[in-house]
Amino acid sequence: MKVPMLDLSEQYQQLKSEILAVLDEVMSSSRFILGDQVKKLESDIASYSNVKHGIGCGNGSDAIHIALQAAGVGPGDEVITTAFTFFATGGSIVRTGAKPVFVDIDPVTFNIDPKKIEAAITEKTKAIVPVHLYGQMADMDAIVEIAQKHQLAIIEDAAQAIGAKYKGKSVGELGTAATYSFFPTKNLGAYGDGGMIVTNDDELAEKCRVIRVHGSKPKYYHHILGYNSRLDEMQAAILNVKFPHLNKWSELRRKHADTYTRLLKEKVGDIIVTPVESKDCYHVFHQYTIRAPKRDELQAFLKENGIATMVYYPLPLHLQPVFKDLGYKEGDLPEAEKAAKEALSLPMFPELKEEQQEYVVSKIAEFYKK
């Protein structure tokens, strides 16, 4: 049996007629930049996030950068974030001219450990960027308390967590702003790049809108340094077709996660560590990530048996060559480094079949019996 990490083909076939029809509408309208499709998506995603503003932009990386810039982060500032995340989180901080300050993670959730944040705050600290990794929100009460105490902005990196909740609150409700990615593999994915910032802050939202169009307002009059990062009208049209299905897809992901956990406990036992949904959280399982002894050998064995898996992320940000000048060394953030050696994400997408999951787990069990 072949089990892909992600298969978007079945989803496309289900939505094909709607997608082709809406793309034809855009082509016929000849309005390709910041048109009605973008406006509709911005409004719908803002409402979905229980905030006032949605600002579409070119991709999830730009969304973080623009939100940080709009929050006043710039050269000479420091921004605290997790070392266990995709490069875009740290890279977007550096692009503002600020310095990323990496702290360790909670080993249970893989998210930033709030207990490590306060010790990293200096007089230069301007913001905190918690990453809601794999589809579960970080411990936002603790992060908000620290941010308020030290008057710091919170920019939530929610690239993997659209639809996730923390104590009934949505992504974007608790921070200064939150950012989404619509990369094709995301829970709500376009057929190319796309991103969005959501916020309740009127001033920050307006700054984000200006920054994404070269910093101009009105057109051809530039008061701040921005750049070209607009959500494409055709990608927005595709996302508008997909968006009404998002909650159903999230529930299917949660169902598949329950199935994986049950099967792994039955067939593999305590050899591996399965994901934990924190109390009062709604996890949308962008990834189903286990901790596995002999992780690399297991991954190779599964590949031999037709099962795709992914390692997110094999080298934490504080040890990346591009950040060597920050002065971190191996051993500085032990939990992030341990996770990088143990974490393995199994196939996860709404259309995943139970027989595929049973096959995946049977092969994991076979590997450890050997």
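Reader: Taking contact to mean heavy atoms within 4.5 Å, which residues of helix α3 meet α4?

Author: From α3 they are Ser61, Asp62, Ile64, His65 and Leu68, and they meet Ala88, Thr89, Ser92, Ile93 and Arg95 in α4. Please keep in mind that this is a predicted model, in which local features need pLDDT of at least 70 and side-chain atom pairs count only at pLDDT 80 or more, while totals for chains, interfaces and linings use all residues. Residues are numbered from 1 along each chain as its sequence is written, and side-chain values use heavy atoms, with hydrogens and water left out.

Reader: And at what angle do the axes of α3 and α4 cross?

Author: The axes of α3 and α4 cross at roughly 40° and come within 9 Å. Here the helices (H or I, at least four residues) and strands (E, at least two) are DSSP runs numbered from the N terminus, while axes are lines fitted to C-alpha atoms, for helices over the stretch in contact, with angles from 0 to 180 degrees between N-to-C directions.

Reader: How do the axes of α3 and α6 cross, and which residues make that contact?

Author: Helix α3, residues 60–70, and helix α6, residues 202–211, have axes that come within 9 Å and cross at roughly 125°. On the α3 side the contact is made by Ile66, Ala67, Gln69 and Ala70, and on the α6 side by Leu204, Lys207, Cys208 and Ile211.

Reader: Changing topic, what is the strand order in the open sheet of seven strands?

Author: The order is β1-β9-β8-β5-β4-β2-β3, and the pairing is mixed, where two strands pair if DSSP finds at least two bridges between them. β1 (53–57) and β3 (99–103) stand at the edges with a single partner strand each, so one side of each has no neighbour in the sheet. Ignoring direction, neighbouring strands of this sheet are turned by 25° against each other on average.

Reader: Which helix packs on that sheet by touching β2, β3, β4 and β5?

Author: That is helix α4, residues 87–95, which touches β2 (78–82), β3, β4 (125–129) and β5 (153–157), and whose direction makes about 150° with that of β3. Helix α5, residues 140–150, lies across β4 and β5 and runs at about 150° to β5.

Reader: How many bridges join β8 to β9?

Author: Four bridges join β8 (residues 177–181) to β9 (residues 195–199), and the two strands run antiparallel. Within that pair, Ala178 has Val198 of β9 as its bridge partner.

Reader: And which strands form the open sheet of three?

Author: Its order is β7-β6-β10, with antiparallel pairing. β7 (169–170) and β10 (281–282) stand at the edges, and each has a single partner strand, so one side of each is without a neighbour in the sheet. Strand β6, residues 165–166, is joined to β7 by two bridges, and the bridge partner of Tyr166 in β7 is Lys169.

Reader: What about β12, are its residues buried or exposed?

Author: Ala343 and Ser345 point one way from β12 (residues 343–346), Leu344 and Leu346 point the other way, and all are buried, meaning under 20% relative accessible area, with exposed being over 50% and partly exposed in between (1.4 Å probe, protein chains only). Strand β11, residues 288–291, runs antiparallel to β12 and is joined to it by four bridges, and Arg291 stands opposite Ala343 in β12.

Reader: Why is helix α7 largely enclosed by the rest of the structure?

Author: Nine of the 10 residues of α7, which spans residues 233–242, are buried, so this helix is largely enclosed by the rest of the structure. The buried residues are Glu233, Gln235, Ala236, Ala237, Ile238, Leu239, Asn240, Val241 and Lys242, and they pack against α1 (9–29), α2 (36–48) and α8 (246–267).

Methods. Contact = heavy atoms within 4.5 Å.
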